[in-house]
Amino acid sequence: MAGRINDDDVKAVRDAVPIDSVVSEYLQLKNAGGGNLKGLCPFHDEKSPSFQVSPSKGLFHCFGCQEGGDTLAFVMKIDHLTFSETVERLAAQAGITLRYEEGGYNPSQQRGERIRLIEAHQAAAKFYVEQLDGPEAEIGRKFLAERGFDQAAAAHFGVGYSPAGWDHLTRYLRGKGFSDRELITSGLSQDGRRGPIDRFRGRLMWPISDTAGEIVGFGARKLRDDDNGPKYLNTPETPIYKKSQVLYGIDLAKKDIAKASRAVVVEGYTDVMACHLAGVTTAIATCGTAFGNDHIKILRRLLMDNGSARVIFTFDGDAAGQKAALRAFEDDQKFAAETYIAIAPDNMDPCDLRLAKGDDAVRDLVEPRTPLFEFALRQIVGRYDLETPAGRAAALDEAAPVVAKIKTGSMQREVAVQLAGLVGILDQEYVVHRVHQLAQWARGRGGDGGNRSGAGNKQGRAGARHQDVTPASLAPAGPALNLRSPAHRTERELLKLALQKPALVSPAFDAYGSDEFTAPPYAAVRECIAEAGGAEQGVADPRDYLAAVLDATPRDSVRKLVTELAVEVFHGKTIDETYAGLHLVNVRLRAVDRRIADVQSSLARLGSQVAPDHLAAAQNEVWVLQQYAQALRTHGTDAL
């Protein structure tokens, strides 16, 4: 068969390239005993390492997914290469010249597609670097210098320049023997009116390498105002470049990431350069896409998911940066590593920070400061008015499902306690229990706790604003609202009294606000009674009273609830003034206790930042409310 590689050469390649050196390009290996090494399998997701390498035998095997083989089999599978492509790549690394059974050295047409595309990118990178020294690239050199990067820095990161003409690179690569089809497939060229033209023109160029260190694409920065393209233009999706599977700087950072068990995720190419030059050699960046699941897999293999591993995100503090951080938090639980976020003063990125304050400031920036979960929760909670009970309830309703996604029980509880503090809820155990309920509910459904929180929270918040819900539909996200709780049962009985026996609760009932009813459907009914003239109207005109209440209902859901309460049997055996007074007192007493807790939680949340006059007023309000609560407990309805 034409082009078949000589068997002795295949054996020579297999023997010349140690399997552990090849595998360690993709994942961190640790001593497994007996001369073997272990790591997290790159072929399936796992939390503990079941992937083993035997350097003495030249073999690997995963006890989890059963993948195994020699060095060639590993490279073929992980990089999706053919047998010939794999041998050719490893032969090039080992400096072995291959012989082919028919026709001597393999002509370029017979070489595998991936090998050819990699070679095209290597040639392009060399071309771009050479162009950076030319007069046309002065604007590019100025751009780098203004950001603190000298010629040595540019050379270290392989930064180059693409000429502004239409086909400088295309003609150069044609001269190197690459076909037009290969140039188009590689993404280095694109179709023009009269044939292929350069994709990148008049831009500063950063080579993007895969984990093995092979250049698979480029990132290009606009330099001129007359360039109508985007600020950054990246290589399109190609057979060797998938933007969701590459991390800029990973080839330079991987060894230090594995050694230090730490990775720093920044947002751009210049940020990676600034970090590395400042001594933060574990910095990497995504290439024109959000940090996602495939990026996590790359880092997990290098970090080995040990308990001390850390991933630090340095997103900007602006709205876009906050959004990026929240997206990263969505995948936080796929790491066993601890995740943090670092935001520089004045929202500067690492490149600007290095310029303004030097290398020390960059190194200090990436020292872990704020856990990513805390940042994410603060962003969620910050959207609500925590001075009001409704605001705190809505904040908890959105944030609790996020905490429920944390898989480790001890960590989940710890974060739930912190959430209680952020929201300003003194009863930490209530928040812990709420989160635990959501987690159990999610596991029972076989999904994650966030799915229900989306629609469920919308419904709950809409209900709190519009009260267009029935008791069953108003349930917060996750487990259903317990309408048999003492508070809800008392509120329900009082509303039944106001609708069915208004004389027993009038006129005291009409002084109750809708906020004294903790279930929004009941608050809606209370408002309808007020619209109809109150319970006193039921005493004065019992015949038309219920009709007036029903006419005041804004929607069918509330109307159905009014009808239900107007006909439902009371729980008590004797329905008299004593029974009515008991429910009047209990509803008011719970409202007073809630207000005391609200004021105290507000003070707890503000801490030492509370103004002295505000502190005095709040303390006085608490004292008055406590006296009133004691009077209700002691004197009952006489204290109303």
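Which residues in helix α14 (residues 350-357) are buried? They are Pro350, Cys351, Leu353 and Arg354. Keep in mind that this is a predicted model.

**Helix α14**

- The buried residues Pro350, Cys351, Leu353 and Arg354 span an arc of only 165° around the axis, so they sit on the same side of α14.
- As a bit of background, an α-helix has 3.6 residues a turn, so residues three or four places apart point the same way.
- If you look at what the buried residues of α14 pack against, you'll find β12 (262-266), α11 (269-277) and α15 (359-365).

**Strand β9 and its burial**

- Strand β9 covers residues 203-209, and seven of its seven residues are buried, so the rest of the structure largely encloses this strand.

**The partners of β9**

- One partner is strand β6 (residues 160-162), which pairs with β9 in the antiparallel sense over three bridges.
- Within that pairing, Gly160 has Met205 of β9 as its bridge partner.
- Another partner is strand β10 (residues 215-222), also antiparallel to β9, this time over seven bridges.
- Here Arg203 stands opposite Lys222 in β10.

**The turn between β9 and β10**

- β9 and β10 make a hairpin, with five residues between the two strands.
- Look for Gly213 in that turn: its phi is positive, at about 90°.

Key: Residues numbered from 1 in each chain as written. Predicted model: local features only at pLDDT ≥ 70, side-chain atom pairs only at ≥ 80, totals over all residues. Heavy atoms only, no water. Buried < 20%, exposed > 50% of the residue type's maximum accessible area, 1.4 Å probe, protein only. Helix = DSSP H or I, 4+ residues; strand = E, 2+ residues; numbered from the N terminus. Pairing = 2+ DSSP bridges. Arc of directions from axis to C-beta. Contact = heavy atoms within 4.5 Å.
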